[in-house]
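User: Hi! Could you walk me through this one? I'd like to start with the packing.

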Amino acid sequence: MSAALNRLKFAWLEVTGLCNEFCDHCYADSSPTGTHGTMTTQDWTGTIDQLAEIGAEDVSFIGGEPTLHPHLRELITYTHAAGLGIEVFSNLTHIREPLWETFKTCGVKLATSYYSDSAADHDTVTRLRGSHKKTRANIAKALSLGIPLRGGVVAVNQGQRVKEAAQDLVALGVETVGGDRTRAFGRASRGAAPMIADLCGHCAHEKCAIGPTGDVWPCVLGRFLALGNVLRTPLADIWGGAQMEQVADEITAVHGDGAQSCTPPQFLPMCGPCQPCVPTLGFCDPREAEAVAQTATIGTPA
């Protein structure tokens, strides 16, 4: 699909592979041993300029844990000045006071993963003791400051209480709660080769992801499908270029054209929750969901 018919509206900016958590299912394979990659602050601001020039509307800073990047406040401020909407997808365990001020000043939206209402279950997934307490407290703080926040619940372990996790988020005041199954990328693949079939199929449709070494991917999960690199090629040439056309054709061959109608809200703020798309179902695939009773929803606790 040409760039004219498929305008780039949204980009994930994966500014670091460093994370203070070590989740078994991490699609990015980030960890406490990760790095900020080779993209300098100047490289990122140049990329943000390119996104604004080609008409993008929103970005999401991700990682790793983006709040561990030493220049995240500078990048947020620069992005805001460029006129782009901003989300930060964080585990919310490492938010210093100056960063809260930047969030408010720049109209930042937040997103976080929340694995259980049980601290023990949540911390088992993150492998970081005390992470549940910090994440839950900062969810409440963000909402008290009037900062919009969406939550995602990924089913990782048996008996994880994902339904209760969703209910707990709603009880806290989180209005948008998405769910997804674990997908076989990064550490969750257990060494298996990544497959296009395990993507949602919405990749490279109005969106891309840019990694800490400048690689451009069709989405955060599709990092094995390189479109180019912003350190070598202008983003305007990558988007709609020959390599992107080839990757898009490969995705369509597996998922078909209709796959672009749905994507997990766990990962994409530009899309609202598709129904039924809830942790109790254990997946986020509308083709599978057709066989499930359409009354399933995320509701407030009784």
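User: Happy to look along with you. What do the buried residues of H6 pack against?

Analyst: The buried residues of H6 pack against helix H5 (131-144), strand E5 (149-155) and strand E6 (176-181). Contact here means heavy atoms within 4.5 Å, and buried means under 20% relative accessible area, with a 1.4 Å probe and protein chains only. Helices (H or I, at least four residues) and strands (E, at least two) are DSSP runs, numbered from the N terminus.

User: And which residues of H6 are buried?

Analyst: In helix H6 (residues 162-172) they are Val162, Ala165, Ala166, Asp168 and Leu169. They lie on the same side of H6, because they cover an arc of only 160° around the axis; the arc is that of the directions from the helix axis to the C-beta atoms.

User: What follows H6?

Analyst: Gly173 does, and its phi is positive, near 110°.

User: Good. Before I go on, what kind of model is this?

Analyst: It is a predicted model, where local features need pLDDT of at least 70 and side-chain atom pairs count only at pLDDT 80 or more, while totals for chains, interfaces and linings use all residues. Residues are numbered from 1 along each chain as its sequence is written, and side-chain values use heavy atoms, leaving out hydrogens and water.

User: Thanks. Now the sheet: in what order do the strands run?

Analyst: The order is E6-E5-E4-E3-E2-E1-E7-E8-E9, nine strands in an open sheet with mixed pairing. E6 and strand E9 (228-229) are the edge strands, each pairing on one side only. Two strands pair if DSSP finds at least two bridges between them.

User: Are E8 and E9 parallel or antiparallel?

Analyst: Antiparallel: strand E8 (residues 215-217) and E9 pair over two bridges. Val216 stands opposite Gly228 in E9.

User: Back to helices. At what angle do H4 and H5 pack?

Analyst: Helix H4 (residues 119-126) packs with H5 at about 105°, their axes 8 Å apart. Axes are lines fitted to C-alpha atoms, for helices over the stretch in contact, and angles run from 0 to 180 degrees between N-to-C directions. H4 and H5 are therefore roughly perpendicular to each other, a label for 65 to 115 degrees.

User: Which residues make that contact?

Analyst: H4 contributes Ala119, His122, Asp123 and Thr126, and H5 contributes Ser131, His132 and Thr135.

User: How does H5 sit on the strands?

Analyst: H5 lies across strand E4 (109-113) and E5, and runs at about 160° to E4.

User: Lastly, how much of the protein is buried?

Analyst: Of its 302 residues, 50% count as buried.

Terms used:
Parallel < 35°, antiparallel > 145°, perpendicular 65-115°, else oblique.
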